[in-house]
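The following note sets out numbered points on the structure shown below.

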Amino acid sequence: MKKIITISREFGSGGGSIGKIVAEKLGYEYYDKAIILQAAREFGIDVERMVQWDEKVPFAFGFGQSLFEFYNKPLDEKLFNAQKQVIRKLGEKGNCVIVGRNANSILKEYDNSLHVFITADLYWRVKYMKAEKMKDFSEQKIIEKMRSVDKMRRKYCAHYTDTEFGVAEYYDLCLCSSSLGIEACADTICTLAKL
């Protein structure tokens with residue numbers, strides 16, 4: 001049985017909802033953005049700054065850093081490392097579903113893990129977000145937000161993990177929620193987790 005399930009997802013694909021269903025069905029703990037707050041508390045880092053940098057590439061992305069900066073790492077590097085330590089602790093504890101935060105790369109060497117990517121058709125995602133979380137937004141604004149968030153996630157993933165966000169080789173399973181539906185995706189993950 002898989003003790004760690006990570007779910008990476010496109011914005012609006014229902015990955016968080018799928019993760020919650022999986023955690024409930026398996027009796028596992030569910031972790032998402034709360035990991036950031038936990039990391040901040042454990043490492044004495046300002047929560048406001050941590051949330052500000054969540055899944056974002058540092059401002060100096062692409063520019064070299066001096067040897068002094070190597071020892072005095074910028075805040076964003078400290079935040080990622082703090083978050084990584086928390087994710088590893090959760091992985092060691094097991095029986096958990098972790099959504100986002102590049103957990104698939106951070107926990108890739110852990111046994112008994114299942115790494116999942118959730119994708120969906122653009123217009124299904126718009127409809128889902130309009131119904132669930134962005135009711136007061138126009139379709140155009142939702143599309144802009146989806147593209148912006150997914151672009152940030154790709155850059156963040158590439159910068160911190162040297163992998164590519166959404167590329168199948170970095171996951172054990174890729175599912176399309178617009179084709180399968182939220183419940184079927186969750187059921188598929190649960191079935192595979194029990195093997």
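1. F117 and F165 are both buried, buried being under 20% relative accessible area, exposed over 50% and partly exposed in between, with a 1.4 Å probe and protein chains only. The model is a predicted one, in which local features need pLDDT of at least 70, side-chain atom pairs count only at pLDDT 80 or more, and totals for chains, interfaces and linings use all residues. Residues are numbered from 1 along each chain as its sequence is written, and side-chain values use heavy atoms, with hydrogens and water left out.

2. The protein contains ten helices and five strands; helices (H or I, at least four residues) and strands (E, at least two) are DSSP runs numbered from the N terminus. Of its 195 residues, 45% are buried. Among contacts (heavy atoms within 4.5 Å) with a separation of 6 or more, 73% join residues 24 or more positions apart.

3. Six aromatic pairs are present. Rings of Phe, Tyr and Trp (its six-membered ring) pair if their centres lie within 6.5 Å; planes under 30 degrees apart count as stacked, over 60 as edge-to-face and the rest as tilted. The F80 and Y160 rings are stacked, because their centres are 4.2 Å apart and their planes lie at 20 degrees. As F80 belongs to helix α5 (residues 75–93) and Y160 to helix α8 (residues 139–161), this pair ties together parts 80 residues apart in sequence. F80 is buried at 5% relative accessible area, and Y160 is buried at 14%. The rings of F117 and F165 are edge-to-face, with centres 5.2 Å apart and planes at 85 degrees. F117 lies in strand β4 and F165 in the loop between α8 and β5 (173–176), so parts 48 residues apart in sequence are tied together. F80, Y156 and Y160 form one aromatic cluster.

4. Which residues touch the most other members of the largest nonpolar core? In this core of 30 residues they are I5, I7, I18, V22, V97, V116 and I189. A nonpolar core is a set of buried Ala, Val, Leu, Ile, Met, Phe, Trp, Tyr and Cys residues joined through side-chain atoms within 4.5 Å. Helix α10 supplies the largest share, six residues. Leaving aside residues up to four places away in sequence, I189 touches residues including I5, I18, L114 and L175. A second, separate core has 14 residues, among them I4, Y31, I87 and L107.

5. Helix α1 (residues 15–26) has buried residues including I18, V22 and L26. Among the elements covering the buried residues of α1 are β1 (4–9), β4 (113–119) and α10 (182–193). Just after α1, G27 adopts a positive phi of about 75 degrees.

6. Five salt bridges are found, a salt bridge being a side-chain nitrogen of Lys or Arg within 4 Å of a carboxyl oxygen of Asp or Glu. E10 and R125 form one, with their closest N and O atoms 3.6 Å apart. Since E10 is in the loop between β1 and α1 and R125 is in helix α7, the pair ties together parts 115 residues apart in sequence. E10 is buried at 17% relative accessibility, as is R125 at 5%. D187 pairs with K25 in a salt bridge, the closest N and O atoms being 2.4 Å apart. D187 is partly exposed at 34% relative accessibility, and K25 is partly exposed at 44%.
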